[in-house]
Amino acid sequence: MKYLTTRKYAKQSVPPIPDRHLVTQDLTVNLADNLANLNELLESCYDIVIKEFKIATNPSINASILFFDGLVDRVTIEFNVLKPLMFGLEEVSLKDLSSYESKNVFNIIKERILSVSELETVHNLQDVIHHISSGDTIILIDGYATALVAGTRTWQSRNIDTPENEIVIFGPKEGFTETLLFNTAALRRRIKSTSFKMEAFVMGRITKTDVVLCYIENIAPYGLVNEIKSRLDKIDIDGILDTGYLKELITDERKSVFTQIEHTEKPDRVCAHLLEGRICILVDGSPMAMVMPITFPQYLIASEDYYTHYIPASFFRLLRFFALFIALLLPSLYVAVITFHHEMIPTSLYLTIAATRQGVPFPPFIEALLLEVTFEMLREAGLRLPRAVGPAVSIVGALIIGDAAVRAGLVSTPIVVVVAFTGIASFVTPAYNAGIVVRLSRFAFLFSAAILGFLGIMITFIIFITRMVSISSFGQPYLSPIAPLNLAQLSDIIIRRPWFMNVKRPYMDGMENQRRAKMPHENRGDGE
Amino acid sequence: MVKTRLIFYYLGVIYNLYRISNFQIFCFMIILVGPVAFLEQPGRVISIAAQNAWLTSLAALFSGALIILMFSFIIKKSENPFPYLLEEHFGIIIGKFLSLIYLLVFLFITSYTLALFVNFITNNVLPDTPISILIGGLLFVGYIIIKSGLESFARLCEIIVYIGLPFSFLIIFLGSFQTPDIARLLPIGYISVKDFSLALVSNTSVLGRLFPLLTFAYFANNTAKLNSVLFKVLLTYITLMTATVLAIIVVFGANTVDILAFPIFSLVRLIDISEFINNVDIVFIGIWVLGIVGALTIFWFLACFVSQYIFNLKEFDFLAAPFSLIIATTSLLMSQNIIILNIITKHLVIYIYVLLFILIPFFIFLKSLFYSRV
């Protein structure tokens, strides 16, 4: 039936598609021709505004402006573009104008009449389309095969807000928004250096999305910057709507669940990465910045660590490592101990657990699996439900369903405690992406514990680690500086190194400028 | 012929980026000598040298140093890694023949290590689990490791050493506090020369397992400091073995050890902390499995590497799959009968280690010393 329906639609007459070569054509000196071509290209675009008018010269010159409604600042267009062109030529004497060659009228308009800060010229229809789609206004003048582009971009956007997924107590609370310019401004405001480079790309055959590659020259390895640029250049896709699209297209290991690019909503975190020689990619329409190369241990570092004293920061970092193991292994260890190795725990404790398990119809593995799946469902439901309802559902799920399941004798109390504790531990990881890996891997450990107990856990652990050590993020080993070992860097991974000792940036292949600070005594030496 | 291969080999090294750090070499070597010796060596030397076994472990420092110097000299004087160096020193026919023997021995040692471990597991921890499942599981892990490449394997070895080495010392430390009696070490030095020599040979033969160094050294990114790395390996091994043997003698006494199948395992079972943490043997086995997997995979990897030389293959990692079948079958056959495994452990393995990992390298050493082309 579906097939027939599709066929039915297929038989309908298809409207003529504009000549695809048209878009690559250059502008002509004839305004009417240019407008005809643009009208053909922009057919059925209800938001396009094309205004034809006459420039107040003697004799008058025909001209047109084009823009997409909703993307432009109409006040700027009316007061800085239309008004000067239609009425503002009194400031330039007619004598001056008539004395110029006709080609110079264009230059006078560009240099003396239009009062917009951003003004450039384009020569073909493709550029015209790109600029009006970006919120610029195109001015076409009869007799010239060149169009003027006035920067009139403005649109409604979300206000800069605290990132929802990266809550901090200390440090900046500003987050990225969906507007690329705001995001680049947030970075530029923090790094006031000419070495800070932002290279723009337009990606997506249809969406023509603006993508910006940010790095600090002389700190980011030159080879790495070129490698990322070449990977971006190779992308040929119809549209880029979020950083997630790019992520899968430029990573080293596309099939791996281990994420090799960090996503963050915090400009200060991006700046910290840039200062360590990493590279950031911003995509218009996405509030997430991508940072690369990234290694797994860095997911356990919170930007807040560097805003607080190094001793509590180090404690919390160690706590995160501990929580990572808890989140990964606790349910499987429980299943292994209760199913295979109950001699490991003291008799009194085992008897207590055994008493609570009396009457429970499921083996420990099924119990753990059921509760883990339920917990994951509750977590997903909490994320997707409206904010007003989400927390309520989570509480109902956690308290009422858990309590009811225990009372009904479907699960035992210890497994509820284990799963709840695991759930809490999994929230300790600052990076959401890394948390997903842990959540998925937990099930693999659970299955192996049910089959071979502790031995199964260790076998899965070896496979887990082997997979981790075999992947790299843009040439950086994924588990570095743990494996391969780099003691100098490890001291700023396991704990938070004090700033007065943090004189070197983390090493990356090809990095030439590794020194980030001078030791206090070196500064004293300079003063003397 | 050799030079052509050398060029081909180094091109492979450069393009596959097979470069490993000295610390990774250290980890490889520790995994080779540590885990198996940790399980079987204390019982073996205590049964020979009784309460003075720890002295023989210490004395292995000197014999071990000689072995290390021998390997180091061979590496310096050879242009090619093992097994290519066999052809370099003995000519193509003997070189290939010896390589074939080494291939069989590597497969045998992998199977033996696997059988020993599986037998230990089924006797002590998981008695109802079919041997085939355990063998299959461990071989699957080894296969994944080999397929992931030497660089990844080297990084994995680092993780294994981070976890395994501190844990081994912790076990010994905790174990030595379980009803120790220093008097069990007495009388010190009361030992015949024969027993001392036998125990010393036994301890030294384990260091023959450093033989894969002849291959791995050529992948190292800094060969200048290789000697220093090897002496660190030796010191770590001697410290570990001496501490283990001392702890076992102090806790059980030499006479009791004679009737224990795996004394270190018995020591682990004794550990009791505040009457709450006890019976941690499964944790010990879990950690130990890391080392065993590492050790058996190194020899398995070498078997593949040697095959590449013997059969002039362009790649070798695809051999991991067919070799896994051979290893699985052989280890299944060994595991079926504990007597066979005991005979291999007590009478065969030591001779293999001495002959193939010490005497043949010694012959190469002599040849390099007296007939050096340089």
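Where is the place of Pro481(A) in chain A? Pro481(A) sits in the loop between strand S12 (476–477) and helix H17 (487–490); here helices (H or I, at least four residues) and strands (E, at least two) are DSSP runs, numbered from the N terminus. The model is predicted, so to speak with care: local features need pLDDT of at least 70, side-chain atom pairs count only at pLDDT 80 or more, and totals for chains, interfaces and linings use all residues. Residues are numbered from 1 along each chain as its sequence is written, chains are lettered from A and ligands numbered from 1 in the order of writing, and side-chain values use heavy atoms, with hydrogens and water left out.

Most residues other than glycine have a negative phi, and most peptide bonds are trans. The bond from Ser480(A) to Pro481(A) is cis, with omega near 5 degrees. Another cis bond runs from Met292(A) to Pro293(A), with omega near -10 degrees, and Pro293(A) is in the loop between strand S10 (289–292) and H11 of chain A. Ser44(A), not a glycine, has a positive phi of about 65 degrees, and is found between helix H2 (31–41) and strand S1 (48–55). Ser44(A) is exposed, at 78% relative accessible area (buried means under 20%, exposed over 50%, partly exposed in between; 1.4 Å probe, protein chains only). Lys208(A) also has a positive phi, about 50 degrees, but counts as partly exposed at 35%.

Arg317(A) and Asp492(A) meet in one at 3.9 Å, N to O. That pair links distant parts of the chain, 175 residues apart, with Arg317(A) in helix H11 and Asp492(A) in the loop between H17 and helix H18 (520–527). Arg317(A) is buried at 0%, and Asp492(A) is buried at 8%. Glu367(A) and Arg357(A) form a salt bridge at 3.0 Å, N to O; Glu367(A) lies in helix H13 (residues 364–384) and Arg357(A) in helix H12 (residues 347–357), so the pair ties together parts ten residues apart in sequence. In chain B, Asp281(B) pairs with Arg269(B), the closest N and O atoms being 3.1 Å apart. Asp281(B) is buried at 3%, while Arg269(B) is partly exposed at 38%.

On to the rings: 45 aromatic pairs turn up over all chains. Rings of Phe, Tyr and Trp (its six-membered ring) pair if their centres lie within 6.5 Å; planes under 30 degrees apart count as stacked, over 60 as edge-to-face and the rest as tilted. Phe445(A) and Phe464(A) have centres 5.7 Å apart and planes at 65 degrees, so this pair is edge-to-face. Phe445(A) is buried at 0%, as is Phe464(A) at 11%. One aromatic cluster in chain B includes Phe28(B), Tyr84(B) and Phe153(B).

Helix H3 (residues 74–87) of chain A bends by about 25 degrees at Val81(A), and Pro84(A) follows within four residues. Among the buried residues of H3(A) are Val81(A) and Pro84(A). H15(B) bends by about 45 degrees at Leu348(B).

Technical notes. Bend = angle between axes of the 7 residues up to and from the residue. Salt bridge = Lys/Arg side-chain N within 4 Å of Asp/Glu carboxyl O.
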